[in-house]
Amino acid sequence: MSEVGTARLRKEDARLLTGQTRWTDNIDAPGLLHLAVLRSPMAHARIDRVDVSAALERPGVVAAFSGADLAPDLGSLPCAWPVTEDIVLPEHPPIAVDEVRYAGDPVAVVVARDRYTAADALEAVEVEYTPLPPVLDLEAALAEGAPLVHSDKGTNRCYDWPLRTGEDFAAVRQRAEVTLKRRYHQQRLIPNAMEPRAVVVTPVAASDEYTVYSSTQIPHILRVMLAVVTEVPEHRLRVVAPDVGGGFGSKLQVYGEEAITLAVARRLGRPVKWTESRSEGYLATHHGRGMIQDVEIAANRDGRLLGLKVDLLVDMGAYLMLVTPGIPILGAFMYPGIYKMRSYELGVTGVFTTRTPTDAYRGAGRPEATYAIERIMDELAVELGLDPVELRRRNWIRHEEFPYTTIAGLTYDSGNYEAATDKALALFDYDKLRAEQADRNQRGDTVRLGIGVSTYTEMCGLAPSRVLRDLRYAAGGWEAASVRMLPTGKVEVVTGTSPHGQGHVTCWSQIAADVLGVPFEDVQVVHGDTRAAPQGMDTYGSRSLVVGGTAVHQAATKVVDKARKVAAHLLEASERDLEFTDGVFSVKGSPDARRTIQEIAFETFTSHDLPDGVEPTINAGHLTDPDDFSYPHGTHLCAVEVDTETGQTRIRSYVAVDDVGRVINPMIVEGQVHGGLAQGIAQALYEEAVYDDEGNLVSGTMADYLVPSAPDLPEFVTERARTPATTNPLGVKGVGEAGTIASTPAVVGAVVDALRPLGVRDLRMPCTPERVWQALKEASA
Amino acid sequence: MIPPSFEYARPGSVEETVRVLSEGGEDAKVLAGGQSLLPLLRLRLAFPELVVDVGRVPGLAGVREEGTTLVVGAMTTHHDVVRDPLVRRHAGLLAAATAGVGDPAVRHRGTLGGSLAHADPAGDLPAVVLALDAELIAAGPGGRRAIPAREFFVDYLQSALEPDELLVEIRIPKTDGWGFHYEKFHRSAQSWAVVGVAALVRRDDGHIAEARIGLTNMGSTPLRATATEEALPGSGDTRAVARAAESAATGTRPPRDLSGSPEYREHLARVLTRRAVLAAAGTG
Amino acid sequence: MTRISVKVDGTVYQDEVEPRLLLIHYLRDRLGLTGTPIGCDTSNCGVCTVDLDGASVKSCSVLAVQADGGEVTTVEGLATDGEWTGLQRAFHERHALQCGYCTPGMLMAARDLLRENPHPTPDEVRHALEGNLCRCTGYQNIVRAVLAAAETAGQGAAT
């Protein structure tokens with residue numbers, strides 16, 4: 001019997017399919033009050049006056065506070081990743097006190113008996129502002145005399161983070177036969193988890209205890225941070241992530257509203273709820289991406305890469321949130337991708353602007369890196385007259401070369417780029433599509449065909465705590481699990497990961513069922529509540545399976561080891577003579593002498609007959625701190641048709657072959673890939689947070705920010721290559737971000753490939769019809 | 001987000017509606033299917049003091065024939081318009097264009113009259129009734145009056161309806177025997193038309209005898225591509241149609257927004273007009 | 001305040017409501033029927049889709065007073081005696097949900113489609129769901145599930 005590798009249907013589904021859900025906004029409590037946030041309508045202004053008195057007079061309004069009113073109860077929101085020693089770390093009050101620094105910065109809150117009354121009362125709050133100049137352009141922001149986002153800091157430059165490895169790039173460039181330089185723009189994206197954020201805080205006022213329900217990916221980290229920000233002692237805080245409707249990094253955050261709601265509930269001694277509306281979330285929930293990439297590549301005429309130089313200007317937004325400065329650092333080691341080279345230079349500069357802060361969004365740094373290297377590889381192939389797949393072949397790490405330490409200093413433990421690519425090319429029918437493309441080009445067809453390729457890798461499984469220390473990340477990278485055998489033989493797995501759609505309950509059940517030899521149905525998984533699952537580092541960065549799943553595996557293994565002692569005693573045999581198969585201990589050579597692990601659980605519960613010195617439990621916990629990252633990879637191929645008259649792109653076919661190592665549940669893996677692809681394609685073709693010259697978010701509602709719906713996306717062909725990871729006992733690599741990381745360059749590469757015969761060399765994302773039309777017009781001029 | 005407070009009236013007849021609207025004056029707003037009004041209220045972009053729900057007024061929904069005219073009740077939902085056999089037979093352009101309005105749930109609630117009275121030049125249906133040379137019938141304190149589609153759309157989100165008038169029906173000259181096509185160009189399935197072209201073509205002996213072309217989102221109101229309409233008669237092949245379509249943007253003043261610049265829209269109008277006419281003529 | 005009477009998932013409710021109260025807030029905040037979530041303010045996302053008098057509607061774009069005298073079915077009213085509908089089963093079997101936030105709306109929109117078009121093509125399914133956003137699945141398994149439910153229903157099971 002093996003659960004692992006089986007497409008088990010999800011345990012999570014039943015309540016989600018029948019509406020028996022527990023979204024944070026569903027949570028009610030006696031006397032619950034509703035909090036609404038008044039936000040700055042301006043990108044940058046001094047606050048001259050906030051007057052909440054008229055709001056307070058409205059019927060049903062219980063309280064109203066300005067930033068100054070709440071300031072004594074609220075510290076600065078935390079940044080847990082100060083990437084350099086001399087990073088500029090501005091104060092970040094959860095509600096602005098003196099100055100607003102982005103459109104959407106909170107300035108006041110009202111608390112009322114229901115959400116309608118609270119919304120109305122916001123209109124009665126009076127605020128006077130003196131406008132200050134917005135800071136929007138990343139390059140202009142660094143110029144001498146530029147207006148400052150944080151005037152007390154004297155600069156908009158947040159940090160410089162350099163990395164130089166291998167030979168000196170300048171020397172390599174000198175002797176290279178070919179060098180190419182490109183500038184790429186990673187537009188700002190709005191994560192758009194389907195569930196808007198919400199917070200409910202229920203206090204026990206008499207004892208200063210609080211339960212915080214939040215739509216968060218990180219209940220454990222949130223608990224620590226809220227204790228710091230609000231000075232509610234950590235042991236009196238319980239944080240619960242109930243059903244969470246997607247995150248994609250946007251709920252890997254410690255938000256002002258979480259601290260504010262807690263502080264207000266504490267002041268009022270009553271339960272308080274805040275729920276964002278979608279358009280409010282577009283301003284208040286962090287954005288992703290947002291950087292300018294200057295990329296230079298050096299190679300020989302035969303296509304052999306020599307070196308890579310990358311300079312990044314990264315839009316931090318107005319404040320540093322939980323891991324804002326670290327996002328490009330997560331990508332820093334990935335720019336060389338799967339390719340061998342002798343020199344690598346990277347410079348990252350973080351820049352403050354008067355826009356919503358940026359932070360993690362699915363892939364977090366790695367999509368940006370993959371985009372840059374894969375796009376410039378396409379350009380190099382054109383320059384050298386090579387097929388883009390062939391150029392990649394000439395440079396990638398061959399499968400017999402693993403483990404391989406890259407120029408960026410990472411050691412890729414495993415992989416087989418040849419196998420994934422060969423499979424993808426066959427599924428895609430590459431040669432046939434190339435022939436059709438040539439035919440269309442020759443005929444001068446108004447609809448052109450383009451092919452894009454992405455041979456990506458990524459680093460997953462955050463992460464070895466020591467590496468995180470070296471990167472100046474404030475927390476560790478371990479993950480916790482415990483496995484409890486209940487008296488009736490049923491099993492509770494407690495995990496420190498905090499799922500929000502990924503299917504941990506199902507997959508962790510599969511892992512535990514296999515190790516313990518119990519039925520899948522007999523396993524329950526407990527998560528997302530700091531009281532029930534007290535230890536954890538939560539869910540982000542494709543870490544849950546690699547680190548958290550491993551912890552489950554190890555904890556379950558410990559349970560078996562403890563049960564073995566009891567079994568040996570009961571069976572009057574030595575441990576060495578016991579076999580354990582499918583949940584049954586038996587004595588070698590006497591098959592009738594057997595006890596199931598579930599029976600052992602009951603024996604342990606009664607403790608009537610345990611060996612001397614043995615604790616009356618077989619429960620066990622484990623904290624996993626991996627030695628290294630894991631490195632999923634794959635080859636994605638995309639064919640697009642571009643209507644050269646309207647500029648519209650249609651994806652005709654998309655093939656993804658991913659190597660995510662050993663697979664726990666192939667159905668769930670496929671689903672993760674599909675969703676990842678959709679988001680990567682969305683960056684390539686549809687989505688962009690657009691600001692006007694005053695710093696207002698113009699794409700401020702779902703009607704303006706184009707999240708693709710079903711007709712906008714193709715039917716994907718997905719397959720897998722299988723090279724188990726060697727850095728964890730499960731052999732798993734992580735899959736949550738692969739599709740997003742891989743697909744964006746494949747799609748943009750395809751669009752550019754379609755238009756190259758017409759003179760187009762590059763396109764900015766998203767490749768909107770108008771941008772395509774404009775590029776064609778300029779090319780023909 | 002949450003709508004602001006308003007008074008609510010649910011009249012039981014057209015006459016009562018008109019009376020309530022008269023009393024409400026400029027601050028009253030008619031609620032038909034609500035698919036345009038409710039998002040505006042929720043974003044607090046509109047603050048009516050009185051919302052007059054005409055959802056229960058009898059006789060406003062449904063389709064009937066009157067000789068050479070097809071009469072569509074203002075409260076006929078998009079869903080019903082798309083499926084109505086009379087509309088499909090006599091005003092196929094309207095059925096075809098309505099099938100692409102919003103999404104199925106929006107089409108269940110949204111009404112033809114509601115989307116015309118909203119007078120959004122980015123909406124698909126204003127350009128369609130303009131191309132159909134429809135008449136819009138308004139009921140007011142002084143009785144009913146017919147407003148030609150050409151005069152109905154006054155400006156951005158502004159119709160010729162007086163505050164105390166209710167749009168009750170849309171009278172469409174039957175277009176039996178005409179070819180038709182609505183060419184909608186949008187960036188994603190959900191998004192509004194960057195440009196749309198509603199084309200009606202009558203053919204005679206292999207040539208285009210007459211064409212009527214409505215343009216969506218090419219100005220502050222829906223527009224007719226007059227120059228192209230004049231150039232098309234006599235066109236017998238693709239090249240002639242393409243030539244005529246070159247003047248599709250003449251006289252338009254398209255907006256600039258997130259989905260397109262005026263220049264791009266002008267370009268699209270030419271391309272889409274060619275495609276729409278060819279499709280309507282059955283040669284596309 | 002306006003008095004309304006609405007039948008929701010088989011139960012008749014009579015309430016005094018503010019005219020501006022949205023149907024979604026009536027369901028969630030007044031009736032405690034939190035199975036139907038809310039996801040946007042522009043009627044783009046479709047998570048709040050319910051059935052009103054036999055047709056799918058976005059309950060964020062309908063006033064509670066407009067539903068007066070009507071009959072509403074939400075995701076909570078789909079299963080009968082714990083027996084899932086064909087669509088619910090198909091969504092489960094085809095892994096058509098991840099976080100599940102869009103699922104109530106998807107189920108209601110798909111149900112509406114199959115009522116009108118019991119044998120849709122994949123393309124028709126995609127277009128019928130264009131008013132419902134999902135950020136997790138890339139839609140592929142949702143389309144598969146709807147097609148599978150249609151096929152099963154063709155063999156006699158209820159959707």
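Four strands of chain A form an open sheet, in the order E18-E26-E27-E28, with mixed pairing. Strands here are DSSP runs of E with at least two residues, helices are runs of H or I with at least four, and both are numbered from the N terminus. Two strands count as paired if DSSP finds at least two bridges between them. All of this comes from a predicted model, in which local features need pLDDT of at least 70, side-chain atom pairs count only at pLDDT 80 or more, and totals for chains, interfaces and linings use all residues. Residues are numbered from 1 along each chain as its sequence is written, chains are lettered from A and ligands numbered from 1 in the order in which they are written, and side-chain values use heavy atoms, leaving out hydrogens and water.

Strand E27 (residues 649-659) of chain A runs parallel to E28(A), and five bridges join the two. At one place along this pair, A:Val657 stands opposite A:Glu719 of E28(A).

Two helices of chain A lie across this sheet. Helix H13 (residues 417-428) lies across E18, strand E26 (633-643), E27 and E28, and runs at about 30° to E26(A). Helix H14 (residues 430-443) lies across E18, E26 and E27, at about 145° to E18(A). These angles, from 0 to 180 degrees, are taken between N-to-C directions of axes fitted to C-alpha atoms, for helices over the stretch in contact. Contact means heavy atoms within 4.5 Å.

Now turn to where the chains meet. In chain A, 27 residues are in contact with 25 residues of chain B. Together the chains bury about 2200 Å², 56% of it on carbon and sulfur atoms; buried area is the accessible area (1.4 Å probe) that two parts lose on being put together, summed over both. On the chain A side, A:Glu645, A:Glu770 and A:Trp773 lose the most area to chain B, together 24% of what that side buries.

Charged side chains meet here too. Five salt bridges are found across the interface of chain A and chain B, each a side-chain nitrogen of Lys or Arg within 4 Å of a carboxyl oxygen of Asp or Glu. In one salt bridge, B:Arg275 meets A:Glu645 at 2.7 Å, N to O. Helix H4 (115-122) and helix H21 (769-780) of chain A each supply at least two residues of the side that touches chain B. The largest share of that side, four residues, comes from H4(A).
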